[in-house]
Amino acid sequence: MMRRAKCIGLWSVGLLFSLQTGCVNKLEDIHALHAPFTNVESADSVRILYSQGGKVRAEIQAPYLKHYQTDTPRVVMYGGVVAHFFDDSLRVQSTLTAGEGVLYEENNRITVENQVVVMNVKGERLECDSLYWDPRRQLFVAPGKVKITTASQLIYGKGLEASADFTTYKVLQVENSQIMVNKSELPGP
């Protein structure tokens, strides 16, 4: 009987020891289980066609893209963004280049940043640090400083609103602008 009690006692101690050592978790492992799950898709050499009302309105190209499916779902384009905007006959009306771009899926807001340059069919050039698409008003908006170069003007300002194809625009606060005139057009002495 004593022998049986010793065996049960040793077995009980062994069981308790294995239960205690088997249930030890690292704090980092516990936190990792409760961390938000982030699903990210990525792609190289991306070409996106944007259509509206059954018509292709823009083509956007980027060397690298990440699609974040988080609380704020978004598509981030890295390594340079080039966008061509078309008229109804698929003729390019303007071209945009920027360092990077972000499409926020919830509200279709597009933001481009880092050396943004837009050229339209008139040969007018817009330069700014950031530009975003306001889908509600169907306008591009540059909240900061802008520079517009045309054949006869150099316009500096703060704030800009432009049509989707950049053929019309309005500088909100014009600063230090210049009208350029060819010397041959000036009256002689």
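View 1. Asp88 counts as exposed at 52% relative accessibility, where exposed means over 50% relative accessible area, partly exposed in between, and buried under 20% (1.4 Å probe, protein chains only). Asp88 forms a salt bridge with Arg57, the closest N and O atoms being 2.6 Å apart, a salt bridge being a side-chain nitrogen of Lys or Arg within 4 Å of a carboxyl oxygen of Asp or Glu. Because Asp88 lies in the loop between β4 (81-86) and β5 (92-98) while Arg57 lies in strand β2, the pair ties together parts that are 31 residues apart in sequence. Strands (E, at least two residues) are DSSP runs, numbered from the N terminus. This is a predicted model, in which local features need pLDDT of at least 70 and side-chain atom pairs count only at pLDDT 80 or more, whereas totals for chains, interfaces and linings use all residues. Residues are numbered from 1 along each chain as its sequence is written, and side-chain values use heavy atoms, with hydrogens and water left out.

**View 2. The salt bridge between Arg47 and Glu59.** The side chains of Arg47 and Glu59 meet in a salt bridge of 2.4 Å, N to O. Arg47 belongs to strand β1 (residues 39-52) and Glu59 to strand β2 (residues 55-69), 12 residues apart. Arg47 is exposed at 54% relative accessibility, whereas Glu59 is buried, with a relative accessible area of 11%.

**View 3. A network of salt bridges around Glu161 and Lys170.** Asp134, Arg137, Glu161 and Lys170 are linked in this network. Within it, the closest N and O atoms of Glu161 and Lys170 are 3.8 Å apart, and Lys170 is partly exposed at 48% relative accessibility. The structure holds 9 salt bridges.

**View 4. Leu160 in the largest nonpolar core.** This core has 28 residues, of which Leu96, Val116, Leu131, Leu160 and Phe166 touch the most other members; a nonpolar core is a set of buried Ala, Val, Leu, Ile, Met, Phe, Trp, Tyr and Cys residues joined through side-chain atoms within 4.5 Å. Not counting residues up to four places away in sequence, Leu160 touches residues including Leu126, Phe140, Ile148 and Tyr169, a contact meaning heavy atoms within 4.5 Å.

View 5. Where pLDDT is low, the predicted coordinates should not be read in detail.

Conventions: Helix = DSSP H or I, 4+ residues; strand = E, 2+ residues; numbered from the N terminus.
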